[in-house]
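Have the model open while you read.

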Amino acid sequence: RAGLGRAGPGSAAMSSGGTLSILRSDSYAELSQYRDQHFRGTRYDQERLLRKSCTLYVGNLSFYTTEEQIHELFGKSGDIKKVIMGLDKVKKTACGFCFVEYYARGDAENAMRYINGTRLDDRIIRTDWDAGFKEGRQYGRGRSGGQVRDEYRQDYDAGRGGYGKTVQCQ
Amino acid sequence: MSRRRHSDDSDAGQPHKRRRTSEPSEIEERLESLICRVGEKSNSSLESNLEGLAGVLEADLPNYKSKILRILCTVARLLPEKLTVYTTLVGLLNARNYNFGGEFVEAMIRQLKECLKVNMYNEAVHLVRFLSDLVNCHVIAAPSMVAMFENFVSVTQEEDVPQVRCDWYMFAFLSSLPWVGKELYEKKDAEMDRLLSQTESYLKRRQKIHVPMLQVWTADKPHPQEEYLDCLWSQIQKLKKDRWQERHILRPYLAFDSVLCEALQHNLPPFTPPPHTEDSVYPMPRVIFRMFDYTDDPEGPVMPGSHSVERFVIEENLHCIIKSHWKERKTCAAQLLRYPGNNKIPLNYHIVEVIFAELFQLPSPPHIEVMYTTLLIELCKLQPGSLPQVLAQATEMLYMRLDTMNTTCVDRFINWFSHHLSNFQFRWSWEDWSDCLTQDLEKPKPKFVREVLEKCMRLSYHQRIIDIVPASFSVLSPANPVCIYKYGDESNRSLPGYTVALCLTIAIKNKASNDEIFSILKDVPNPNQDDDDGEGFTFNPLKIEVFVQTLLHLAAKSFSHSFSALAKFHEVFKTLAESDEGKLHVLRVVYEVWKNHPQMIAVLVDKMIRTQIVDCAAVANWIFSSELAHDFTRFYIWEILHSTIRKMNKHVLKIHKELEETKARLARQHKR
């Protein structure tokens, strides 16, 4: 019988030596330094959830990026269970982030490896592990209703409402 | 806290300080690191690094011999792209410590046997190649290597074994010859001639019915898509004609010849290939993908010909680099570009060819498709002045040859190209492809452009696509993905079910319950009235039409809206679609509403399968129905079909696993 050309049924668990640490490197799929400060539970709980999560936070989206576009892009690493668009708490309109939940963690890992740091709507988007969606987390936490980063930013970003909120209020 | 995660810094070492205790595990880590990194960027020459490392390892042998043996065996198996670096290292160690050399060879043979036992054939090839290069390093005596190869080739005489078994042993022999052919032929020419003649007769009599299935293009021009053993055989024959002169492989051991030729060699123990068993799974045969030749880069270094052994070695090594670093895209790109021979070979062309070879590999690529897209983007970042041009040239060539390209490969080409463009503002010289406008829209080239534009639209939005193509291409532009609601206009009020649809719309907007929906739908006449079998609820296509049209129209705003609608009215769906005809009709109505938005159809079908509103059989019947015949060659249909089959497979595997686990639990219970 012929196999599929991939590594056969034998795994890396060979008694004569497993693998090499340089080949185990998977830095794109690792946890970042960020921890959601609003998480309810211990750091330990949070990290445990992050390590088995199938949900990614996606940031630096344009306010105009649609769920359909996100579905198309993130669908390239596997079947998507759910996309939850981030909303301005006041206006209830898209405010530049979302959550993407996969059925399988491996698919989320591939998104971290190959979709993170590439472009959607001409913007470099960033993905990070998320401990899991909970009602309320779809809203921006900035004072004006959007994301915190859009409160204080000084630059002009046409895809994110122009200048930062504090700048706009000057 | 910032969300920045992946840093652009290369591995900067440990972030925290370690105390300088020489714990064994630390030493082992250091040894592994030293060994793995030899040959990487350094201020000193490779030779002096190898010399230095050999000295360090020799000194550590008394205390860490088994660890060093294990590490060296592992790099032999897993870092084939650095084969000659490590064979040289082993050669130097053998010259300093004969016993160690012997133990290493024994350990390698043990590892080889184990690999073959657990079907790790790809890694086993690396081990065989390593052993053969050890002949060049005076670690293994040439005659004993020839004897091993004689045993390999004699596998082709075995009866009642799969051809792929014989293929593997043949491949292991032939693919080692670029490294060691010269030495073996010099020492044992008669035996080698005999082996080569046996090889030739095997290759003549073996079956090659797999070739048409695996070829990316059906045409032989401009480059024949050769069966992998045939191609390798041509390469070896040419190598032999060139008196085994091979000039591409970096051979650090040549610099140490005076030291190495003083070393005592070891004989390989007689190696009997393990017999074929029920559980043996050999690698699949392949077809060699070629898209470039020396005419494609007239200004640069000459690309080695398709039957040159250099081509084989370069391709093998580049594939190995991708295999080693596929999870780390920046490292992978850097390592590919660091492949030695940059000035003598058109490296960018080799890299692009090898990447497309994997992307288009049939039946499946070795890695997930999106990896290749991102890897090519990383390569473009590292070589912005040269790689994008090669990629554009490759795209042009692939476009020119669409007529004979395997449809699955065309699909992958479409997915790659559209995703790639979306990272570069969709900039492309579409006018260069105006030739496709004069063709029948169903021909490969215009079809390809249509599908690309459709996929580009999915990653952006309709108006963007209109803006990026010349006006002449509007005939190929995708439809505006809007919902078609048949009861929308007052002018449709004569349609049966129109008033119920209006009623339903109001009810749903007022958050009606499922029961209220049912009672509204009761008023819908059944066009199949005469088929009523008296059981109360029969298949009523009009009811399905009114309900599904109305609901999907109300929920048209986004995927989430539609999914919520499916969830909220799940009970209604289940009831209406209880029969097979019901399921089929639901799918038909979904199509009618969303035929301008294939992506929406795909996600709705997916959701309906997962929530068991329709089943896989219904989807298959719908796809192969005569109503959908006009869309049969559109890729979204196959996207849906493949996705459906995948879900089915996953489901079967899952419940099979649950069944096995339950059986095992039951068995354990009985034992108590």
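Helix α4 of chain A holds both A:Glu109 and A:Arg113, which sit 4 residues apart, about one turn of the helix. Helices here are DSSP runs of H or I with at least four residues, strands are E runs of at least two, and both are numbered from the N terminus. The two residues pair up in a salt bridge, with 3.6 Å between the closest N and O atoms; the term asks for a side-chain nitrogen of Lys or Arg within 4 Å of a carboxyl oxygen of Asp or Glu. A:Glu109 counts as partly exposed because its relative accessibility is 21%, while A:Arg113, at 6%, counts as buried. The cut-offs are under 20% relative accessible area for buried, over 50% for exposed and partly exposed in between, using a 1.4 Å probe and protein chains only.

A word on ground rules: this is a predicted model, where local features need pLDDT of at least 70 and side-chain atom pairs count only at pLDDT 80 or more, while totals for chains, interfaces and linings use all residues. Residues are numbered from 1 along each chain as its sequence is written, chains are lettered from A and ligands numbered from 1 in the order in which they are written, and side-chain values use heavy atoms, leaving out hydrogens and water.

A:Arg153 meets A:Asp155 at 3.7 Å; the arginine is buried at 12%, and A:Asp155 is partly exposed at 42%. Over in chain B, B:Lys447 bridges to B:Glu442 at 3.6 Å, with B:Lys447 buried at 9% and B:Glu442 partly exposed at 43%. Shared partners also link A:Asp79, B:Asp606, B:Arg610, B:Arg646, B:Lys647 and B:Lys650 into one salt-bridge network. Over all chains, the search finds 57 salt bridges.

So what do the chains share? Chain A and chain B bury about 5900 Å² between them, 50% of it on carbon and sulfur atoms; that is the accessible area (1.4 Å probe) the two parts lose on being put together, summed over both. Contact, meaning heavy atoms within 4.5 Å, takes in 60 residues from chain A and 68 from chain B. There are 5 salt bridges between the two, one of them joining A:Glu72 and B:Arg458 at 3.2 Å, N to O. On chain A's side, α3(A) gives the largest share, 6 residues. By class, that side has 18 nonpolar, 24 polar and 18 charged residues, where Ala, Val, Leu, Ile, Met, Phe, Trp, Tyr, Cys and Pro are nonpolar, Asp, Glu, Lys and Arg charged, and the others, Gly among them, polar.

Now for chain B. An unreviewed UniProt entry places "domain: MIF4G" at residues 28–240; such positions follow the numbering used here, feature names are shortened, and annotations may be inferred rather than shown by experiment. The span is 76% helix and 0% strand, with its end C-alpha atoms 43 Å apart.

Finally, find B:Thr87 in helix α3 (residues 83–96) of chain B. Why does B:Thr87 count as buried? Because its relative accessibility is 0%. Leaving aside residues up to four places away in sequence, B:Thr87 touches B:Phe130, B:Asp133, B:Leu134, B:Cys137 and B:Tyr253. With B:Asp133, the side chains make a polar contact at 2.6 Å. That term means a pair of N or O atoms within 3.5 Å; within protein, one must be able to donate a hydrogen and the other to accept it, and residues adjacent in sequence count only if both atoms are side-chain atoms.
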